[in-house]
Amino acid sequence: MISTFDLTKYYDTKPAVRDVDLYVSHGEICGLIGPNGAGKTTLLKMLAGLLRPTSGKIEVDRIEVGAEPKLLHEIVGYVPDTFGLYDELSVRQFLEYFARAHGVAASLIRKRIASVLELTNLTSKLEAAVGSLSRGMRQRLVIAKTLLHAPKVLLLDEPASGLDPLARIELRDLISELGRLGTTLVVSSHILTELEDFCTSVVIMEQGHVIRAGRIEELIETIRGGLHVRIETVDEAAAQRLSKELGGRADLKNISVNQLTLDCIFDGDRAALARLHRELVTTEEGVVSFYERRLTIEDVFMAVGSHKVS
Amino acid sequence: MDRNWTIKMNPEILRSLRVTLPPRRVLFITISTIILLHIAGGIFWNDAASRKSLTVAEQLARAGSGMYWLLMLVLFALLFVLVPATAALSFIQEKIRGTSIFQQMMLLSPFNLAVGKFIGSGLIGYYVAALIFPFFVVSAFIGEVNFEQFVRVSLFLLVGGLCSQSVGLFISSALSGPGERFLRGGLLVGPVVGGLGALLAFALYGLSFPDNLASNYDRWHFYGVGLRPYKVVLALMIFTGVWAFVGTVRRIKVSQLIPLRPWPTWLFFASSEAVLIGLLWAGFSRYNEGRLFLFPPIARLVFYLLLNWAALMILAGSSALSRGRLREWWSAGCDQLALLQRQEIRDALITFVVALGISLTGLTALWAGFHTYIHPLPQHLPDIVQLLAIAASFTLTVAGMVVFIQYCAMQRFRIGAWAGVALTITFYIVMGIVAASLENKKNTAALLNPLVYAATITAGDPYMDRHDTFDETDGPNPREAWSALAHGLIAQGVLAIGCFGLAYVKWRQTEEDILREST
């Protein structure tokens, strides 16, 4: 659905995105991860046809971005990270305006508005003034507005920023629902754990480059290198003592202590891990808990990135 | 609001209508306007009625006339100040509010968006004007205002208001493009445009409706045809308004990344030159029209060259290739984007050449217009030599200026090519001061300026400079004339070559830098 080839964007002399090759297939929910200044917003704006690349090529549903911006805007919806709304209008008037501006047939407008409001859980706010909506509702209203012309691709730039926990949960559910409906989504976010809940693949960017891309399980597999174990102790001294004691073992590597917890990678099978568990419980080093830690996208990000901000 | 009649309306107009003129506001504006009009009418009538020496008919006429002038002033303020000021804010407000990004992506055509913005931005102003207009008509009738005068003022208000609004909208769209650097203090643009509208109204009103009765019979000439000044002013306002609107549509296209075709720019240059030449044309001037001598052909020619020079400078400043554009040019891609970018760059260069060509064609046409006497007059330098020298001097100067601006565009100046424009203007100002301080007025510093050069080599020429005398001994001798001609061309040629040299070295250096950075 979305492909980029050697995509590069310079702002004057500063490279924001460099040589990005990307492929997002139909119906996928792709998370875009990276520190501030990694080039996520620039990449999304180029995909949305709002920013022209310096060089390279972008294809969205076989439309080459740049040559036919209007055709592209028919199939792409973009929700920016910061935006304003026409606060004086009611939700209905606001959506009517965008529906007509996007060429939705007059006979379909009411039906389309009802369906996007239902999807975004804003039906009860139809006649409310846009200015009276909360931050989360405004975010959902913009998504509703973006869905009016039924785009095949939806690009969301930091959609969860500034939302309270409840609004985040609602947004997550909405994104998952859109994915189920067959919309291809690219979502950028700083909150990595959230992305993991609904993304099928991720792209990790740093200093304008894509440093890793692929399905989440595959990426996790690339950094696994053994069983990741977390041990929690009664106090910091116990954690330090345990770290020294375990440091001599050949089957444990990458031991790191963080206050009461000790993380390490165990090189062995699960039966051997069970033996290690028994050993630690019988020692008197104050072990409180011992478990195999499930790797997340955050671990991938921490493992592959240099965490430099461009 | 009933949705049946709104369904086919331009959505941008409908949005503006809903935002700026909701029913309560309409009611408030209507009532307060009518009350204020009645109060003003009462005051004028009270004043007229207190003059017991006048008959009732005279008192009515006096009150009507006073009201007419007041309403005219109010209509001027509305249409020349308020409407363009609000138009100038329309795109900028979208940018500041954060809604412009949605307009960039919407499928409404740029033309319809511009129409929506145009009508939407003037809604309040036009609504109040529409409320006032019937009172204006009635007061003109009661005040016994000359009917022709009334029609002319009404036309002037309508056309001038629309023109100012169109210009305001263009300024707004130009300042709210993808580069946001102009937006600091963007809200000041509205009052500035409003202020300019007021000045424009004042100046154009003075030209169109002079106080001096004799001046009412003045004629301006357009390709030699005598026209009343207000007709020329109206035509110029229509011309400006239409092109400002076209410019707005193009700016919207730029913001939506829609590729632009170059021919509208060529057409703009060609039509502007045609209008300018028509106004400066003197082919049909007769000796008994004394006022013509206030502006001898050389003054008109210098004015023409000055405007063209400024236009070409602006064009060079806006189309010079920044490092970013050069990077696009040197990117090795053969995909559609690369081809499009290269086409845009080529178009920018061709547009400049076309504009220069139009400029020189206009110069030739204007020159021909100044040399229409059947009987040849004695000259120090042949016509064709003078024309070719002026054309060559202008071309050399413009070419040097363009490459210098391009040289500056390749530097890492914050304002890019505009630094080149500023430095060019500074250079010619400094040269002007140096030239003025030297005893010999035909010095190199003076002759570097193509305007001074044109004036120098045509000084004393019976066609260009001295209509009232054909005395050959009055002007410079041929030897001096030939010497100034060669001196100026050599100086300008050396300057242009210097600019080309600078730009060439920088071009190569930039290419190396960019290719190295890319790898």
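This is a short tour of a predicted model, stop by stop.

**Before you start**

Residues are numbered from 1 along each chain as its sequence is written, while chains are lettered from A and ligands numbered from 1 in the order in which they are written. Because the model is predicted, local features need pLDDT of at least 70 and side-chain atom pairs count only at pLDDT 80 or more, whereas totals for chains, interfaces and linings use all residues.

**Stop 1: all of chain A**

Select chain A. Its secondary structure comes to 11 helices and 14 strands. Helices (H or I, at least four residues) and strands (E, at least two) are DSSP runs, numbered from the N terminus. The C-alpha atoms of chain A fill a box of roughly 75 × 45 × 30 Å along the principal axes. Of its 310 residues, 41% count as buried. A residue is buried if 20 or more other C-beta atoms lie within 10 Å of its own, exposed if 12 or fewer, and partly exposed in between; the C-beta atoms are placed from the backbone.

**Stop 2**

Select residues 2–11 and 14–24 of chain A. These are strands S1 and S2, which run antiparallel and are joined by seven bridges. Two strands pair if DSSP finds at least two bridges between them. Find A:Thr4 and look across to A:Leu22 in S2(A), which stands opposite. Now go to the hairpin, where two residues lie between the strands. There A:Asp12 takes a positive phi near 55°.

A:Ile2 has A:Val60 of S4(A) as its bridge partner.

**Stop 3: where the chains touch**

Show chain B as well. The contact takes 35 residues from chain A and 29 residues from chain B. Two residues are in contact if their C-beta atoms, placed from the backbone, lie within 7 Å. On the chain A side, strand S4 (55–60), helix H2 (69–75) and helix H3 (91–101) each supply at least two residues. That side divides into 15 nonpolar, 12 polar and eight charged residues. Ala, Val, Leu, Ile, Met, Phe, Trp, Tyr, Cys and Pro count as nonpolar, Asp, Glu, Lys and Arg as charged, and the others, Gly among them, as polar.

**Stop 4: two helices of chain B**

Select helix H4 (residues 56–97) and helix H7 (residues 123–142) of chain B. They pack at an angle of about 160°, with their axes 8 Å apart. Axes are lines fitted to C-alpha atoms, for helices over the stretch in contact, and angles run from 0 to 180 degrees between N-to-C directions. The angle makes H4(B) roughly antiparallel to H7(B); angles over 145 degrees count as such, under 35 as roughly parallel, 65 to 115 as roughly perpendicular and the rest as oblique. The residues of this contact divide into 18 nonpolar, four polar and no charged.

**Stop 5: a sheet with helices on it**

Return to chain A. Four strands form an open sheet in the order S12-S13-S11-S14, with antiparallel pairing. The edge strands are S12 (252–258) and S14 (287–292), each pairing on one side only. From one strand to the next, the twist averages 15°.

Select S11 (residues 227–233) and S13 (residues 261–266) of chain A. Six bridges pair them. A:His228 stands opposite A:Ile265 in S13(A).

Last, select helix H10 (residues 270–282) of chain A. It lies across S11, S13 and S14, running at about 175° to S14(A).
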